[in-house]
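These are my notebook entries on a structure that I looked up today. I went through the domains and then the ligand.

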Amino acid sequence: MLKQDTPTHILAVNSRTPTPDWDKLSFSFSETDVMYRSFGDQTQDPIWDEGEYLPFGAIELSPAAAFMSYGLGVFEGLKAQRSDDGRILLFRHRDNGLRLQKSAERLLMAPFPEDQFVEAVEEIVRRNERFVPPKGKGTLYLRPMEHAIENKLGLGPCEKFLVTIYSSPVGSYFSLKAAEMPKGLRIRCLEQGRVAPGGTGFAKAMGNYAGGITIAANWREKGFDDVLYLEAHHKKYITETSGSNVFVLLKNGTLVTPPLDDQILPGITRDSAYQTAKDVLGVKCEQRPISIDEAIEDAEEIFCTGTAWTVRNIGEIVHHDKTYTFEKNDLQTSLLQEILSYQTGEKEDPFGWVKEVKL
Ligand SMILES: Cc1ncc(COP(=O)(O)O)c(C=O)c1O
């Protein structure tokens with residue numbers, strides 16, 4: 001078990017970890033200098049310690065730690081990026097903190113304080129500043145996590161938790177850049193749910209992802225970029241892909257995205273795309289169930305949103321072994337440009353979503 005009495009201290013890091021070749025970045029892990037951790041104990045007041053910044057490295061855990069058997073862990077993903085003039089900007093990171101709390105509460109884990117989250121995320125960016133890629137080359141991806149770490153043999157609620165935040169410079173999620181994939185993503189629609197009705201789908205919980213790896217890997221081998229899951233009970237309505245929310249622009253000009261429920265993760269990019277489409281681009285937007293049949297028949301454009309992908313168009317959906325193509329991507333392109341322009345500080349963000357990390 002990690003020692004809980006480690007004094008809180010700020011480490012002067014004198015790391016020799018080289019920064020990566022910015023031109024060869026992919027969406028894969030590479031080490032940075034500093035990580036953050038904070039211990040929580042529900043029997044204490046306050047529950048959470050002040051947290052500390054440590055050189056990136058292995059952590060020691062008991063094999064009996066609850067999350068090792070029972071998957072009591074939740075996580076987040078967000079990115080910091082550079083503006084043209086070299087400033088470092090974070091996008092809606094407080095919302096990631098709020099979602100981490102909601103995810104933790106679903107698993108009866110203590111919510112990590114919002115302000116402490118915001119401060120730790122900003123400090124991790126600051127301390128790993130040399131790993132934030134130059135503008136246009138990629139982003140510094142942050143991975144905050146919370147795990148139940150007490151020894152636990154039987155299934156039940158836990159009292160001791162660990163929050164860890166590490167970071168990694170990343171490039172595009174796909175090896176091909178968007179410009180080289182004008183046709184958009186190739187998606188296989190599956191007659192199954194990603195998660196169970198009444199389950200943990202609205203939480204970013206470890207267990208939601210493990211089972212999907214084999215499914216997505218199987219279809220990736222057959223040349224698809226990802227899979228699209230349907231609502232688990234009726235197997236009729238669109239939910240989301242392995243790691244992104246879905247929007248359908250109908251031929252009548254209305255943009256539709258499925259409403260949030262227990263099978264859909266409340267994506268921060270989803271909310272950003274929805275608000276930008278409605279309030280900035282003046283598009284009529286609806287959150288309502290949309291069947292795969294309606295989407296296939298009536299879609300002008302289909303696209304996905306997520307931190308890794310931002311906004312990516314779907315060029316092809318294969319459903320029941322029939323292929324449907326979507327040639328247009330005008331709204332997707334406008335949304336991508338608009339949101340990227342906020343994230344990179346090119347345009348003033350009208351929603352107050354962007355925060356500069358002062359060095
Ligand atoms: C299942 C799932 N849906 C949607 C998203 C998109 O969410 P966000 O836009 O907050 O990255 C993610 C990524 O976190 C995800 O894992």
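How far apart do the C-alpha centres of domain 1 and domain 2 lie? I began here, keeping in mind that the model is predicted, and I found that the two centres lie 26 Å apart. I took the bounds from the domain assignment, which divides the protein chain into domain 1, residues 22-170, and domain 2, residues 178-343.

Next I looked up how the domains meet, and I noted that 24 residues of domain 1 are in contact with 22 residues of domain 2. Between them the two domains bury about 1,900 Å², and 63% of this area is on carbon and sulfur atoms. On the side of domain 1, I wrote down Phe91, Arg99 and Arg106, which supply 34% of the area that this domain buries against domain 2, more than any other three residues.

Which elements give two or more residues to the shell around the ligand? I noted α6 (268-280) and β14 (299-306). Of the 16 residues around the ligand, Lys204, Tyr209, Glu240, Thr269 and Thr307 come nearest. Finally, I sorted the shell by residue type and recorded three nonpolar, nine polar and four charged residues.

Notes. Residues numbered from 1 in each chain as written. Predicted model: local features only at pLDDT ≥ 70, side-chain atom pairs only at ≥ 80, totals over all residues. Heavy atoms only, no water. Near = heavy atom within 4 Å. Helix = DSSP H or I, 4+ residues; strand = E, 2+ residues; numbered from the N terminus. Nonpolar A, V, L, I, M, F, W, Y, C, P; charged D, E, K, R; others polar. Domains from an automatic or database assignment. Contact = heavy atoms within 4.5 Å. Buried area = accessible area lost by both parts, 1.4 Å probe.
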